[in-house]
Amino acid sequence: MRVAGAGAGAGARYDAIAERYVALVASHSIPHDTAIPALLDLLGPVAGRPVLDLACGTGQLSRALAAAGAQVVGIDLSAGLLHHAWEQERAAPLGIASRRDDAQCLGSLPDASVDAAACCLGLTDIDDLDALYHAVARVLRPGGVLAFCINHPAAPATSGDGTLTLQPVPIPYLRQRRWRSGNPASVRGLLPTWHRPLAVYLNAALAAGLWLTPPEPLRELPAPAHVLARSPAYRQHPYLFAARLRKPA
Ligand SMILES: C[S@@+](CC[C@H](N)C(=O)[O-])C[C@H]1O[C@@H](n2cnc3c(N)ncnc32)[C@H](O)[C@@H]1O
């Protein structure tokens, strides 16, 4: 269900913590080191192709895509985070065009205008997942792919400060709801995000006409060594979840 005004609210949420989010990115506390390689692998070759970075934030994925040769358009609701993406692009241009837009409608993009779309750690912040998938299905060309990566919904909350405080899985797992981690040093402690069971992420995409196609469209990613060193508990838990969906050709 689309919540009236939800888009504007989501942008304002990140504007309020933009400087802290930028600091967490700079200190490598956001799991980009695991998420971005997984997304690049799921997307396959992107050189010379128009690729959309959904909920691009400060543009870490945008820059990795552009370094791989993609023609990148990034969209996000938060002017505060986009400002940092623009600053990086000004300092070291890679040809990235990022702008303010709502991922739930993608009003700035024409139909069938991108070969691929990717969303790095953003779907847990999207209020209306159905609307997002329908918007993505509209802007993808036939045969185009969407890859996304999220914190695994069955994982404890990751911290952002190196002194990991494991939170239990949000209970009950099967109920969609916004929740907030008890760790104020983590993004999910700074802002409430959506908890959704994995099946919700996949069923909503399938309902929007996006398909799961081989090879290996679903990935449950373990924590990397530096996270395990801080938090051995991750040996018993998944860390991130990534998926690739395809618009039929
Ligand atoms: C956890 S951050 C991830 C940012 C970035 N992809 C990264 O990897 O650092 C979630 C992002 O989702 C954005 N966002 C939330 N709702 C949105 C919407 N409806 N449309 C576009 N961006 C949205 C927020 O502004 C924020 O930048």
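This is a predicted model: local features need pLDDT of at least 70, side-chain atom pairs count only at pLDDT 80 or more; totals for chains, interfaces and linings use all residues.
Against which elements do the buried residues of H6 pack?

**View 1. Helix H6 (residues 129-139) lies across strands E1 (50-54), E4 and E5.** The helix runs at about 145 degrees to E5. Its buried residues are Leu129, Ala131, Leu132, Tyr133, Ala135, Val136 and Val139. These buried residues of H6 pack against E1, E4 and E5, and also against helix H8 (198-207). An α-helix has 3.6 residues a turn, so residues three or four places apart point the same way.

**View 2. Seven strands make up an open sheet of mixed pairing.** Their order across the sheet is E3-E2-E1-E4-E5-E9-E8. Strand E3 (97-100) and strand E8 (218-221) are the edge strands, each of which pairs on one side only. On average, neighbouring strands of this sheet are turned by 15 degrees against each other, direction ignored.

**View 3. Strands E4 (residues 114-120) and E5 (residues 140-151) run parallel.** Six bridges join the two strands.

**View 4. Helix H4 (residues 60-67) is mostly covered.** Seven of its eight residues are buried, namely Gln60, Leu61, Ser62, Arg63, Ala64, Leu65 and Ala66. H4 is followed by Gly69, which has a positive phi near 100 degrees.

Key: Residues are numbered from 1 along each chain as its sequence is written. Two strands pair if DSSP finds at least two bridges between them. Helices (H or I, at least four residues) and strands (E, at least two) are DSSP runs, numbered from the N terminus. Axes are lines fitted to C-alpha atoms, for helices over the stretch in contact, and angles run from 0 to 180 degrees between N-to-C directions. Two residues are in contact if their C-beta atoms, placed from the backbone, lie within 7 Å. A residue is buried if 20 or more other C-beta atoms lie within 10 Å of its own, exposed if 12 or fewer, and partly exposed in between; C-beta atoms are placed from the backbone.
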